[in-house]
Amino acid sequence: MATSQEPLLHVEHLTKEFPVDSGVFAGRMAKKVSAVDDVSFDIFPGETFGLVGESGCGKSTTGRCIMRLTHPTGGRVVFDGKDVATMKKKELKAVRHDLQYIFQDPYASLNPRMTIGEIVSEPLVIHGEMSNTEERMDYVRKILDIVGLNPEHINRYPHEFSGGQRQRVGIARAFALHPKLIICDEPVSALDVSIQAQVLNLLGELQKEYGTAYLFIAHDLSVVQHISDRVAVMYLGNLMETSDWRSLYAEPYHPYTQALLSAVPIPDPDVQRSRERIILAGDPPSPIDPPSGCRFHTRCPIAQEICSQKRPEMREVAPGHHCACFFAKPFPIQGSSIEL
Amino acid sequence: MEKKQHERDLEREAQEELREETDRAYDVHEERVQAASEVETDQQDDAEPEHHRDFRGAYNAVVDEVDHEGASRTLWSDAFARLRKNKLAIIGAVWIIFVALVAITADLWVPQTLGSPTAIDSSQMASLARLPPSLEHPFGTDALGRDVLCRVIYGAQISLTVGLLATAISTVLGLIMGALAAFYGGIWDTIIMRLADIFLAFPYTLFVIVMLAVLGQGIQNVFIAIGVLGWPSIARVFRSAILSVKENDYVDAARSMGASDARIIMRHIFPNSVASIVVYATMNIGGAILTESALSFLGMGVTPPNPSWGSMIQDGQQYLATQPWLMLMPGIAIITTVLAFTLLGDGLRDALDVKMKDA
């Protein structure tokens, strides 16, 4: 994607801490979970930015902070030139016209007491577009057709649909206002693999048609690989590596990314058996008491003394390829399933 | 106390039932999802729309077969259809409607056929007192020569009035308190819910009696006392319903679309949490009728000579061995009416629960 443009979304030093309620007597000593810590990235119009990480690393919280579903504790979220993080309610409504969200769980994200037509037309009603009900319903039928649902099902209720169909309803709702950016929060992780591909293809087609940018949050590198232009890897609330997907998948610089990619199974038993794999020991540390310095140093195979003392800054290791590691070096992934 | 025990039993029963129902619904849903995924898999490599439509038709057929119904229905009509299939709930509803109709129209026909429920004909009292059930007096007569059926019918007026109004008061109070606690949270939640705990910690019947002692007797004080003291359980149910609905992604989805608080409450939170209140309020009516009977039995409720089922049992208990109908008739009236409300409430819960269909 053309990186010379103004970014559509500019996230700068985004931080989100949750207080941990540790009982009546904790008082002011209460601890904090730092879910997102000093995260910065840009998303350009029309591109897909993948955000990958293990569960609990703060990727969904990042999405929710951008959407202002939770208040960020610090940092700036500039969408289309305006800072969302400090915006008043009224301005926020205008931003939400251009910024939509697709949820992970297609069962919980649709109101069971509203018909598909009401659900998909809700953003139109909220933003006062198409006040004529007939016209609005015609439009909804059109969108339903576009996302691959039967327009005649407009009066049906969510419980009459399967998971994949419900997610299509969620996508139709997100696209109803033709937003500039859609935050997709693991939109396919709750679906069967065969249906995942269909939904990803649908998202791709819609992007081609409308030029919408995606922030695509996922824990599955192979899902992100299918759809992303650029990918960021997150660990314990920090960004580890950002790059365009080709160079990230072929030559990751950060030891964490390397470990993740070498864990992706390769559908060729010979390669799979013979290749070099990095296996991480243990679980990620608790975000209540994150490790000092580089947050990955407790599990890092190449950690040195400095890693526990100083936090590595994001630096450009190759053109367009940023990595937050003192000892970043390329590590070609063997037998990568990506055709370059 | 009795009331609490009664509630607990009901809850346990209801939970077991719900579990069974959920299992059943899950099977149905499985079938449906399978059908749907078949369709989707077929849609994938689907070039010509003819084929496409065929499979959609097949899917519709499957869904329709499972639902036994057409394509477009509202959830409320859906719920009504489910309620209609529940025989016990329908029996309950029919009985309630019957009792209500008889009670409402009582003034039009009862005095002409069965006489006054309160007036005592002292000249003929000896010959009319405690007659066994007959054609002329289907439920017999009481110690003062009044027709028992006539008094049971007028007692129904009082019981239903107290049941409905007391529940209306508790429900309104409970909804307001529950909503305040759930929406504002924090200190409001703590204050309201601890207040509710304090109310619930008092022995219920004693609390009502104390309140009646302060307010004085009379039917309006009875339903005010029962109603005012009934709010904590409704507030709890509504609060937890709102809290669980609030956590749903569709509320976040509405917020992320820019919906106002009012819209989120009216369109998303309220419709999804009100079902539990409808159910609870229905059952609460039965409970209020029981409480009123208990109060009248203890002489704290409706003042004589006005008939109340509770005071009729109190009057009849001394004749239990010789003229049992004096106590049995109002007793049966209480049991059937309270049971009817409970059955209807149970049926409503099953009918209104969308999650049952979601599984």
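Two residues are taken to be in contact if their C-beta atoms, placed from the backbone, lie within 7 Å. With that cut-off in mind, and remembering that this is a predicted model, begin by selecting Leu215(A), which touches Ile43(A), Phe49(A), Leu51(A), Gly63(A), Leu181(A), Ile183(A) and Cys184(A) when residues up to four places away in sequence are left out.

The buried ones to highlight are Trp309(B), Gly310(B), Ser311(B), Met312(B), Ile313(B) and Gly316(B). To see what they pack against, display H6, helix H12 (261-297) and helix H14 (325-352), which belong to chain B as well.

Return now to chain A and show its open sheet of four strands, where the order is E2-E1-E4-E5 and the pairing is antiparallel. At the edges you will find strand E2 (32-43) and strand E5 (82-83), each of which pairs on one side only. Zoom in on strand E4 (residues 74-79) of chain A, which runs antiparallel to E5(A) and is joined to that strand by two bridges; here Val78(A) stands opposite Asp83(A).

Finally, select residues 59-66 of chain A, helix H1, which lies across strand E1 (9-19), E2 and E4 of this chain and runs at about 115 degrees to E1(A).

Notes: Residues numbered from 1 in each chain as written. Chains lettered and ligands numbered in written order. Predicted model: local features only at pLDDT ≥ 70, side-chain atom pairs only at ≥ 80, totals over all residues. Buried ≥ 20, exposed ≤ 12 C-beta atoms within 10 Å, placed from the backbone. Pairing = 2+ DSSP bridges. Axes fitted to C-alpha atoms, helices over the stretch in contact; angles between N-to-C directions.
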